[in-house]
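Open the model in your viewer and keep the selection panel at hand. The stops below say what to select and what is there.

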Amino acid sequence: MKRVAVIGAGAMGSGIGQVAAMAGHEVILFDAFPNAVTKARDAILLSLNKLAEKGKITDQEAKAVFGRMYFVDQLQSIEGSDLVIEAIVEIEEEKKKLFALIEPLLSETAVLASNTSSLSITGLANGLKNPERFIGIHFFNPPVMMKLVEIIPALQTSDEVTGNVMKEITSWGKTTVLAKDTPGFIVNRIARPFYGEALRIAEEQIATPAMIDAAVKGLGGFKMGPFELMDFIGNDINEAVTRSVWTAMHFDSRYRPSQMQVNLVKAGWLGRKTGRGYYDYKAPVETSSEPLTDEHKFIFNRILIMLINEAADALYYGIASREDIDMAMTLGVNYPKGLLQWADETGIQECVRRMDMLYFQYHEERYRCSMMLRKMAETKKTFYG
Ligand SMILES: NC(=O)c1ccc[n+]([C@@H]2O[C@H](COP(=O)([O-])OP(=O)(O)OC[C@H]3O[C@@H](n4cnc5c(N)ncnc54)[C@H](O)[C@@H]3O)[C@@H](O)[C@H]2O)c1
């Protein structure tokens with residue numbers, strides 16, 4: 001049994017702590033704010049009781065898991081932990097200040113990790129005494145339910161640490177994918193066009209959010225349309241992720257934030273949590289029952305090809321393997337199918353044709369076809385062939 005410390009007992013930290021305790025580890029959950037510690041303790045107890053009620057674990061297991069968790073507001077208590085996962089506020093200086101306090105409490109062999117969504121793992125490792133044992137372990141929200149975990153070694157991380165962490169997190173019942181330390185890692189990068197292209201189509205007044213959502217769900221088999229999903233995530237959060245990827249990608253127009261979404265954020269129309277976003281949740285939300293037409297097909301194909309292009313480009317730049325890219329999108333954001341598999345089914349030459357058509361129409365960098373697709377079309381290769 002290992003001793004795992006989780007720093008920051010918010011939405012992610014409390015979930016990650018629970019996952020580690022459910023995998024049999026002793027967990028120390030620390031937060032600088034005593035109120036957050038109490039809140040996390042109550043939330044975890046409630047979650048374990050719910051799992052027991054549903055028959056997912058026994059009452060005894062729920063008690064044993066809770067008994068393995070220690071809720072603390074003194075950082076000193078994490079001394080001697082084998083693995084420390086940081087999940088505090090997304091501010092680089094705060095995280096770095098914290099790491100400087102944590103490092104002296106750890107043995108040489110302990111692993112230090114961050115759950116950051118948007119900061120560079122390599123940048124966070126810089127300045128540590130032992131940067132080779134630092135790594136990104138990126139859980140998805142909520143950590144107890146979501147199977148996927150992205151593992152992101154920094155430039156400085158040793159191969160041994162990466163291998164051990166992959167094995168460790170897999171033993172917690174999660175599916176791990178290995179990602180290069182680049183903005184958005186796998187999921188938050190490849191998913192950008194799902195929102196961005198949908199917003200662009202709405203901004204161009206080609207279709208309404210309801211029509212776009214109907215197309216994506218009806219023709220693509222996605223559980224939620226882009227606008228429903230942005231309202232669910234929160235437009236403030238979704239816009240911030242887009243902006244962070246766009247900034248870190250040196251303002252590449254493929255990731256440019258949408259003025260339509262910025263305006264919603266300015267209005268405080270953040271989505272479900274404020275009662276209004278693209279849809280008004282104070283009234284019963286009307287879903288489109290119109291039959292799907294060629295217009296829907298055009299809309300869905302445009303969003304899908306931008307997603308496929310992004311996934312192909314991620315493979316081209318070695319962000320992750322073919323299998324990990326497809327796994328990440330199906331498990332991390334519940335896509336009905338892996339995008340590279342979808343590319344094969346669409347036909348690689350057809351994918352290139354659709355991208356070139358968009359580029360021809362708009363003459364914008366945003367619509368450039370990935371070199372991966374172009375090379376594969378030339379050599380008549382497929383992703384899984
Ligand atoms: N929310 C998500 O969907 C999500 C998904 C994946 C990764 N993440 C990442 O996980 C991290 C945490 O996100 P969250 O949504 O749980 O945030 P949160 O605001 O719910 O929780 C953060 C917690 O950290 C505590 N904290 C702040 N500064 C601290 C410090 N110096 N020392 C100790 N505790 C401190 C706060 O009291 C709070 O309880 C961020 O890096 C975020 O990018 C979030």
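Helices and strands here are DSSP runs, at least four residues long for helices and at least two for strands, and they are numbered from the N terminus. The model on screen is predicted.

**Stop 1: the ligand.** With that numbering, select α1 (11-22) and α4 (92-102), each of which supplies at least two residues of the shell around the ligand. The largest share comes from α1, with 3 residues. Now select Gly8, Gly10, Met12, Ala36 and Asn141: of the 22 residues around the ligand, these come nearest. Coloured by class, the shell divides into 12 nonpolar, 7 polar and 3 charged residues.

Stop 2: Where they meet, 9 residues of domain 1 are in contact with 8 residues of domain 2. On the domain 1 side, select β7 (148-153) and β8 (175-178), as each supplies at least two of the residues that touch domain 2. The most comes from β8, which gives 3 residues. By class, this side of domain 1 has 4 nonpolar, 3 polar and 2 charged residues.

Stop 3: Move to α10, residues 226-233. Is this helix mostly covered or mostly uncovered? It is mostly covered, with 7 of its 8 residues buried. Select Pro226, Phe227, Glu228, Leu229, Met230, Asp231 and Ile233 to show the buried residues of α10. Just after α10, click on Gly234, which takes a positive phi of about 110°.

**Stop 4: a pair of helices.** Two packed helices are described by the angle between their axes and the distance between the axes. Select α13 (residues 294-316) and α17 (residues 371-378), which pack at an angle of about 90° with their axes 7 Å apart. Because angles of 65 to 115 degrees count as roughly perpendicular, α13 is roughly perpendicular to α17. Which residues make the contact? From α13 they are Asn309, Ala312, Asp313, Leu315 and Tyr316, and from α17 they are Met371, Met372 and Leu373. Coloured by class, the contact of α13 with α17 shows 6 nonpolar, 1 polar and 1 charged residues.

Key: Residues numbered from 1 in each chain as written. Predicted model: local features only at pLDDT ≥ 70, side-chain atom pairs only at ≥ 80, totals over all residues. Contact = placed C-beta atoms within 7 Å. Nonpolar A, V, L, I, M, F, W, Y, C, P; charged D, E, K, R; others polar. Axes fitted to C-alpha atoms, helices over the stretch in contact; angles between N-to-C directions. Parallel < 35°, antiparallel > 145°, perpendicular 65-115°, else oblique. Buried ≥ 20, exposed ≤ 12 C-beta atoms within 10 Å, placed from the backbone. Near = placed C-beta within 6 Å.
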